[in-house]
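Okay, thanks for coming, everyone. Let me put the model up and talk you through a few contacts.

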Amino acid sequence: MKYKGIIFDLDGVLCQTDEYHYQAWKQLADRLQIPFDREQNNSLRGVSRMESLNIILANGIRQYSEAEKKMFAAEKNDLYCKQLARMTPDDMPDDVKETLIALRCSGYKLAVGSSSKNAPTIINHLGIASFFDAIVDGNCITRSKPDPEIFLKAAKLLQLNPSDCLVVEDAASGVQAAHAGGFDCAVIGNTARDTSAKWNIIHLNELLSIINR
Ligand code: BG6
Ligand code: MG
C-alpha cells in the first residue's frame with residue numbers, strides 16, 4: 001500500500017457542514033451590512049472562527065472592538081450550532097460511509113484533522129467516531145491551517161510519518177497545511193482544485209481506486 005494512514009478534514013469533506021458555516025456567516029454579514037458571498041466564503045474554508053470573522057469584518061466600513069468581535073463570533077457559532085443540533089447519522093453521505101468502511105477493511109489507519117472546535121459535536125451527531133484512530137480538532141491546536149500543526153499531530157497520534165499519510169481536503173488553506181507538513185494531498189470538490197495536489201477528486205469514493213496507484 002502506498003499509504004498507511006488517511007487524515008480527513010471534516011467540514012466539506014466528510015459532511016456538508018461547510019454549507020452551514022456559509023449560511024451562518026452570511027446571516028451575520030447581512031445583519032452588519034457587510035458584503036459577503038459564496039466565493040469569499042470559499043477562502044474561509046479551513047480558517048479558524050476568529051480569523052474568518054476578521055476577514056469578513058475587513059470588508060466593512062467600521063472598526064470593531066475586541067468585545068464586539070467576541071459577540072459576533074458567538075452569534076455566528078450559535079446560528080451554526082442550531083444547524084448542527086439537527087444533524088443525525090442520516091446526514092452522512094452514503095459514499096462517505098462506504099469509503100470509510102472500505103478503507104478500514106483494507107487496514108488503513110484513519111484520522112480526522114479539522115480546524116473546528118465543533119468537530120466533536122458533529123462526529124457525535126453523525127455517529128462516526130468509531131471509524132477513527134485519532135481525532136485532532138480546533139480545540140487541540142494553537143495554529144490554524146495553513147499551518148501544518150493539525151496534520152502533524154494527527155500523524156503522530158497514528159504513529160505514522162507524514163510521508164506515509166494522505167490528507168484529504170476541500171480547502172486551499174488545508175492543501176497548503178498538508179504540503180507544509182510533508183503530506184500528499186487529495187483535494188475534493190471544485191473550490192480548491194490545485195495542480196500541485198497529488199489528486200483532485202469530486203467524490204470521496206474515488207479514493208478507493210486512486211490510492212494504490
Ligand atoms: C473549519 C471550517 O473546518 O473550521 C471553517 O472549514 C471554520 O469554515 C473552522 O471557520 C472553525 O470552525 P468552528 O466550528 O470552530 O467555528
Ligand atoms: Mg473543510
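Start at ligand 1, where a backbone N or O atom of Gly46 lies 2.8 Å from an oxygen atom of the ligand. With Ser116 we're on to a side chain, with a polar atom 2.6 Å from an oxygen atom of ligand 1. How much of ligand 1 does the protein cover? It covers 96% of the 390 Å² of accessible area that ligand 1 has on its own, with areas from the Shrake-Rupley method and a 1.4 Å probe, where for residues only the protein chains shown count as cover.

Before I go on, a word on the ground rules: this is a predicted model, so local features need pLDDT of at least 70 and side-chain atom pairs count only at pLDDT 80 or more, while totals for chains, interfaces and linings use all residues. Side-chain values use heavy atoms, with hydrogens and water left out, residues are numbered from 1 along each chain as its sequence is written, and chains are lettered from A and ligands numbered from 1 in the order in which they are written.

Back to the ligand. There are 15 residues around ligand 1, and the closest are Asp11, Val47, Arg49, Ser116 and Lys117; to be counted, a residue needs a heavy atom within 4 Å of the molecule.

Now, salt bridges, meaning a side-chain nitrogen of Lys or Arg within 4 Å of a carboxyl oxygen of Asp or Glu. How many salt bridges do we get? The count comes to 13.

Helices, by the way, are DSSP runs of H or I with at least four residues, strands are E runs of at least two, and both are numbered from the N terminus.

Which other partner does Arg45 have? Asp170, with the closest N and O atoms 2.6 Å apart. Asp170 sits in the loop between strand 4 (165-169) and helix 8 (172-180), so here the parts tied together are 125 residues apart in sequence.

Buried or exposed? Arg45 is buried at 16% relative accessible area, and Asp170 is buried too, at 2%. The cut-offs are under 20% for buried, over 50% for exposed, and partly exposed in between, with a 1.4 Å probe and protein chains only.

Next, a pair within one helix. Glu149 and Lys153 form a salt bridge, the closest N and O atoms being 3.6 Å apart. They are 4 residues apart in helix 7 (residues 149-158), so about one helical turn separates them. Glu149 is buried at 10%, whereas Lys153 is partly exposed at 33%. Elsewhere, shared partners join the salt bridges of Asp9, Lys145 and Glu169 into one network.

On Asp9: it lies in the loop between strand 1 (5-8) and helix 1, and it is buried, at 4% relative accessibility.

Last stop, Leu160, in the loop between helix 7 and strand 4. Leu160 is buried at 12%.

Key. Polar contact = N/O pair within 3.5 Å; in protein donor to acceptor, adjacent residues only side chain to side chain.
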